[in-house]
Structures are given as C-alpha cells and as structure tokens.
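Colleague: I have just opened this one and I am new to it. Could you walk me through some of it?

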Amino acid sequence: MSVPYSLDVRGLSCPEPVICTKNALDENNGLVIVLADSYVAAENIRRLVTSLGYQCATEKNADEFTITISK
Amino acid sequence: MGKKMIIVSGVVLGILGVLLVHFGNPTNMGVCVACFIRDIAGGLGLHRAAPVQYLRPEIMGFILGSFIISLKNREFGARGGSSPLLRFFMGMAMMIGAMIFLGCPLRMVLRLAAGDLNALVGLCGFIFGIFIGVQFLKKGFSLGRSQKQNITNGLAIPTFALVLLLLVIVAPAFIIFSESGPGAARAPLLIALAAGLIVGVLVQRSRLCQAGCFRDLMIIRDPHLLYGTLGIFLSALALNVAFGYFKLGFADQPIAHTDGLWNFIGLAVVGLGATLLGGCPLRQVILSGEGDTDAGIVLLGMLSGAAVAHNFGIAASGSGVTITGQIGVLVAAAFLLFVGFAFSAKTSSSQKGGIGYERSL
C-alpha cells in the first residue's frame with residue numbers, strides 16, 4: 001500500500017491549487033492528500049479530480065479542507 | 001458549485017446588463033466594472049474628466065451582495081498578504097488596459113452581444129493575454145501565499161462600499177456627478193443598487209470569472225466557467241435584439257473606437273493582469289466583499305489606475321487612442337511581464353505545495 005503524498009495549497013491564489021494538485025497527481029501515481037483553506041480551492045480541486053477520473057473524499061475541519069484523492 | 005448555478009449567474013448578469021441600459025445606464029454599458037470604478041474615481045474627484053463622474057451604486061451592490069451572502073454561508077473571512085503592494089500596481093495596470101479598450105471583460109461580452117465587432121478584436125487580445133499569463137503559471141508563477149488576518153481587515157472594503165453608498169444617497173457638494181456624457185446616463189439608484197446586489201450574490205456563489213473561463217480551458221480543459229460567459233452573451237444578445245439595441249459592425253458603436261491594434265493590446269493587458277492576479281476585475285470586486293484584502297488592494301489599484309488614466313490623458317475615447325495612451329498601455333504590459341518573469345520559478349509540486357503541510361512561501 002503506497003503512502004499518499006501530502007500537498008498544502010493553503011493561501012494560494014486561483015488557479016494555483018488546481019495546478020499543484022494536477023502536478024502532484026501526475027508525480028505520485030494518483031494518491032494525494034490535499035490541504036486547502038478556501039471553499040473555492042476545494043470546489044475546483046474536487047471538479048478537477050472528478051474530471052480526471054479519480055475518487056475523492058473531503059473532510060472539513062474548522063476553516064480547512066482535507067481532500068483525499070485516490071484512483 | 002454546479003453547472004446550473006454558473007449558467008443562471010451568467011444569464012441573469014446578461015439580462016441585467018441590458019435592462020440597466022433600458023433603465024438609463026450608458027448604451028452597451030449596462031454593467032462595466034472598469035468603467036464604473038472609473039466613474040467612482042471621478043465622482044470622488046480623483047480625476048477631473050467631467051463626462052465620467054458618478055458613484056455607481058452597482059459596484060457597491062457587487063461588494064455588499066458578496067459580503068452578505070458570504071457572511072450568511074460562513075465563507076466570509078479576512079485573508080491577505082500575498083504581495084499586496086505589487087497587486088496594487090497590477091490593478092492599476094489592468095485598469096489602464098481596460099481604459100484603452102474602453103471596458104472590462106464583462107463589457108467586452110456585453111458589447112459583443114450588442115453587435116460591436118471591435119469587442120471581437122478585444123476578445124482575441126484578452127485570450128492572448130490569458131495565454132501569456134498561463135505560460136507564467138505553468139512555469140510556477142505565484143505571488144505567494146495569503147494568510148488569515150484579523151477580521152477588521154476583511155471588513156474594510158465592505159465598509160468603504162457602505163460609505164460610498166451613503167455618499168451617493170446624501171450627495172454632498174464635494175461629490176461630483178457628471179451633467180452630460182456617460183456619467184450622466186444612469187439607472188435610478190435603487191434599481192442600480194438592487195441589480196448590483198443580485199449580481200454580487202450570484203457571482204459570489206457561482207465564482208463566475210471572465211479570465212478564469214479561458215484560463216481553465218487552457219490549463220485543465222475545464223469548460224465550467226465558460227458556461228457563465230456564454231450565459232451572459234446569449235441572454236444579452238436576445239434582449240439586445242428584443243429592445244432593438246443590436247447593431248452589427250465596427251463603426252459608430254457607442255462608447256467605443258475602431259482602432260483594432262489598441263483594442264487588442266488593451267484587453268491583452270487585462271487578460272495578462274487578471275491571470276496573474278487570479279481573477280478578472282469583476283472577480284476581484286466580489287472577492288474583496290468576501291474579506292480577501294489582496295483583492296481589495298487590487299480594487300484600490302484599479303481606482304487609482306482610472307485616475308491616472310484620465311489625469312495623464314491615457315484613457316481612450318470614441319475618437320481613438322492617444323500617443324500617451326499607447327505609451328501608457330505598453331508600460332503597463334511591460335510591468336506585468338516583468339512581474340510574470342520575476343515570480344516564475346519552475347518548481348515541482350513537492351517544492352511548491354510542501355510536504356507535511358509546511359508553509360514554505
């Protein structure tokens with residue numbers, strides 16, 4: 001079982017969270033956990049992930065989102 | 001946010017863009033973020049171009065609509081600190097580009113929907129500017145991370161909008177209202193404010209962004225935001241035809257010039273600036289209502305840019321673009337390119353995102 005790659009996109013402007021997530025998915029065989037701190041970033045990442053055919057689960061803790069992406 | 005929301009948001013924006021002309025706003029300028037911020041700069045006396053001075057309630061509506069809905073949905077939060085000073089000057093540069101084309105990307109779509117083919121040239125420039133911006137993003141461009149801030153920071157721009165609203169209602173002697181020209185063409189205050197509030201709420205919810213729609217297509221082939229722009233265009237087109245405002249051609253279009261090269265360059269500068277800043281002028285205004293102080297700084301930069309554009313004779317007019325305007329917009333373009341190079345560094349996601357949630361930028 002591979003260890004998911006942890007990516008922190010908190011505080012990054014649009015569309016950097018999406019670009020970082022896409023690069024991380026390419027580099028890490030589709031196993032990534034993303035930490036985001038805005039609704040917009042979380043929504044955009046979820047839309048990207050779905051369009052690329054990956055699965056994702058989002059957990060909201062206070063003002064932050066943890067998005068676990070897998071194949 | 002679903003596809004339905006972005007389409008509804010675009011359609012309503014297109015309808016209001018034409019209805020506001022019907023109620024008195026300038027022709028083909030029912031809503032224009034750049035022009036209306038320019039009018040506010042004039043109304044405050046920051047420039048003395050007599051035909052374009054009025055505190056446009058639509059802008060206050062955008063900010064307050066976004067503020068109210070983000071507060072209701074617990075999305076309001078003060079954040080900022082991502083190269084704020086540079087963002088101010090980038091806002092100025094973006095506004096100078098818009099003053100050369102005579103409109104922001106939103107007015108570009110509304111002009112196109114009224115048959116103004118000069119806007120088609122502008123659209124090509126806008127897409128070109130976004131394409132350049134995307135190349136910087138692919139090279140790792142970032143203005144740095146923003147941080148959470150004290151809530152008072154986030155309240156600054158909504159409070160500024162409330163003060164402007166109060167000033168337009170009370171109309172003290174030091175506030176200037178145009179007596180002729182586009183600044184004198186205005187929808188009744190309550191209608192303009194209501195339209196602004198509706199747009200503010202919808203765009204905050206749908207995240208509609210004119211630059212984002214082409215940027216996302218280029219980077220991740222995602223057409224989501226494009227549905228919003230298409231919604232604006234098609235609904236405005238239908239209403240323009242119904243009201244008899246539609247007039248196809250290049251010549252004699254309202255508040256526009258036919259200088260194709262400078263229409264192209266003007267909106268290319270806006271496209272580049274908007275891509276580097278993370279959103280078009282409308283998106284910046286909406287974000288500033290949500291507590292994003294970096295977007296608030298861009299808004300103040302646009303306000304100053306409008307003042308500079310008119311004080312220095314950079315702004316175009318119906319008769320074309322002045323030599324000063326040509327120099328001004330090229331300086332704005334050079335500045336944005338410089339920022340693009342200065343903040344681009346090819347990094348892997350591990351360097352940029354950080355492992356173990358370390359904040360590195």
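Modeller: We can go through a few helices, their packing and some loop residues.

Colleague: What should I know before I read any values?

Modeller: This is a predicted model, in which local features need pLDDT of at least 70 and side-chain atom pairs count only at pLDDT 80 or more, while totals for chains, interfaces and linings use all residues. Residues are numbered from 1 along each chain as its sequence is written, chains are lettered from A and ligands numbered from 1 in the order in which they are written, and side-chain values use heavy atoms, with hydrogens and water left out.

Colleague: Let's start with A195(B); where is it placed?

Modeller: A195(B) lies in helix α8 of chain B, which covers residues 189-206; helices here are DSSP runs of H or I with at least four residues, strands are runs of E with at least two, and both are numbered from the N terminus.

Colleague: Is A195(B) buried or exposed?

Modeller: A195(B) counts as buried because its relative accessibility is 5%, where buried means under 20% relative accessible area, exposed means over 50%, and partly exposed lies in between, using a 1.4 Å probe and protein chains only.

Colleague: And what is A195(B) in contact with, beyond its neighbours in sequence?

Modeller: Once neighbours within four places in sequence are left aside, A195(B) is in contact with L16(B) and L20(B), contact meaning heavy atoms within 4.5 Å.

Colleague: Which other residues of α8(B) are buried, and what covers them?

Modeller: The buried residues of α8(B) include A192(B), L193(B), G196(B), V199(B) and G200(B). Their cover includes α1 (3-22), α3 (57-72), α7 (151-170), α10 (224-243) and α12 (281-289) of chain B.

Colleague: How far apart are the ends of α8(B)?

Modeller: The end C-alpha atoms of α8(B) are 25 Å apart, which agrees with the 26 Å that its 18 residues should span at 1.5 Å a residue; the expected span is 1.5 Å times one less than the number of residues. After α8(B) comes R207(B), with a positive phi near 65 degrees.

Colleague: What about α11(B) and α14(B)?

Modeller: Helix α11 (residues 260-277) and helix α14 (residues 323-342), both of chain B, pack with their axes 10 Å apart at an angle of about 30 degrees, and these two helices are therefore roughly parallel to each other. By class, the contact of α11(B) with α14(B) has 11 nonpolar, 4 polar and no charged residues, where Ala, Val, Leu, Ile, Met, Phe, Trp, Tyr, Cys and Pro count as nonpolar, Asp, Glu, Lys and Arg as charged, and the others, Gly among them, as polar.

Colleague: Switching to α6(B), how many residues does it have, and what covers the buried ones?

Modeller: Helix α6 (residues 118-138) of chain B has 21 residues and reaches 30 Å from its first C-alpha to its last, close to the 30 Å expected. The cover over its buried residues includes α1 (16-27) of chain A, together with α4 (84-101), α5 (105-113), α9 (210-220), α11 and α14 of chain B. Just after α6(B), G140(B) takes a positive phi of about 100 degrees.

Colleague: Now the loops: where is A114(B), and what does it contact?

Modeller: A114(B) sits in the loop between α5 and α6 of chain B, and counts as buried at 1% relative accessibility. Its contacts, leaving aside neighbours within four places in sequence, are N28(B), N240(B), Y245(B), F246(B) and K247(B). The C-alpha atoms of A114(B) and K247(B) are 6.1 Å apart, although the two residues are 133 residues apart in sequence.

Colleague: Which residues join at the cis peptide bond?

Modeller: The cis bond joins C14(A) and P15(A), with omega about 0 degrees, and P15(A) is in the loop between β1 (5-8) and α1 of chain A.

Colleague: Last one: what is the phi of R74(B)?

Modeller: R74(B), a residue other than glycine, has a positive phi near 60 degrees. R74(B) is in the loop between α3 and β1 (79-80) of chain B, and is exposed, with a relative accessible area of 72%.

Technical notes. Axes are lines fitted to C-alpha atoms, for helices over the stretch in contact, and angles run from 0 to 180 degrees between N-to-C directions. Angles under 35 degrees count as roughly parallel, over 145 as roughly antiparallel, 65 to 115 as roughly perpendicular and the rest as oblique.
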